[in-house]
Amino acid sequence: MTPFGHAVRDLRKRKGVSQKEMAAAIGVSPAYLSALEHGKRGVPNFDFLQRVAGYFNIIWDEAEELFSVAAVSHPRVVVDTSGMPPEYTAFANDLARVIRNLPPDMLRNLQDIVDGAKKRP
């Protein structure tokens, strides 16, 4: 499941709406909505995000959060290491191979490292 799929599922459950009801209301198939929630589809387009926000009547900060979560929810990530030293490419490939096996605490530690790197100039 992607972060976006998780967010949509949480919204649906909080509002007491089924996938079928939501899909009909926003003009997509229930199969598409299910695939999106389960991480089997890529990042939805802006129009879809607007329809979801409108359907749930979410605005400002909550809508911005939904859009941000969608941006980091592509289930097939590509890491471009061209032009970088070989150890960067090796690390990216190693991470791709083992990410499914990382325990949650290790994932949080790696996320903390990445977050720290984002803050660097």
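Q: At what angle do helix 2 and helix 4 cross?
A: This is a predicted model. In it, helix 2 (residues 19-26) and helix 4 (residues 46-55) cross at roughly 115°. Their axes come within 10 Å.

Q: Left-handed or right-handed, helix 2 passing helix 4?
A: Right-handed.

Q: Which residues make that contact?
A: Helix 2 brings Glu 21, Met 22, Ala 25 and Ile 26. Helix 4 answers with Phe 48, Arg 51, Val 52 and Tyr 55.

Q: And by class, what does the contact of helix 2 with helix 4 have?
A: There are 6 nonpolar and 2 charged residues, with no polar ones.

Q: Next, helix 4 and helix 5. What's the geometry?
A: The two cross at roughly 145°, and their axes come within 10 Å. Helix 4 passes helix 5 in a right-handed crossing.

Q: Who meets whom between helix 4 and helix 5?
A: On the helix 4 side, Phe 46, Leu 49, Gln 50, Val 52 and Ala 53. On the helix 5 side, Ala 63, Leu 66, Phe 67 and Ala 70. By class, that contact has 8 nonpolar residues, 1 polar and no charged.

Q: Helix 5 also packs on helix 1, I gather. How far apart are the axes of helix 1 and helix 5?
A: They are 7 Å apart.

Q: What does UniProt annotate over residues 8-66?
A: An unreviewed entry gives "domain: HTH cro/C1-type" for that range. Over residues 8-66 the chain is 69% helix and 0% strand. The end C-alpha atoms of the range are 8 Å apart.

Q: Switching to pockets. What volume does the largest pocket have?
A: About 1,800 Å³.

Q: How many residues line the largest pocket, and which lie nearest its centre?
A: The lining has 33 residues. Nearest the centre are Val 77, Val 79, Leu 95, Ile 99 and Leu 107.

Q: Which helix gives the most to that lining?
A: Helix 7, with 8 residues. Helix 6 (86-98) and helix 7 (104-119) each supply at least two.

Q: Last one. What is the class make-up of the largest pocket's lining?
A: It has 19 nonpolar, 9 polar and 5 charged residues.

Methods. Residues numbered from 1 in each chain as written. Predicted model: local features only at pLDDT ≥ 70, side-chain atom pairs only at ≥ 80, totals over all residues. Heavy atoms only, no water. UniProt positions renumbered as here; feature names shortened; annotations may be inferred. Helix = DSSP H or I, 4+ residues; strand = E, 2+ residues; numbered from the N terminus. Axes fitted to C-alpha atoms, helices over the stretch in contact; angles between N-to-C directions. 1 Å grid on protein atoms, 1.4 Å probe; cavity = no way out; pocket = protein on both sides within 12 Å on 5 of 7 lines; lining within 4 Å. Points joined across faces, edges and corners; volume = space filled by probe spheres on them. Nonpolar A, V, L, I, M, F, W, Y, C, P; charged D, E, K, R; others polar. Left-handed = near helix turned anticlockwise from the far one by under 90°. Contact = heavy atoms within 4.5 Å.
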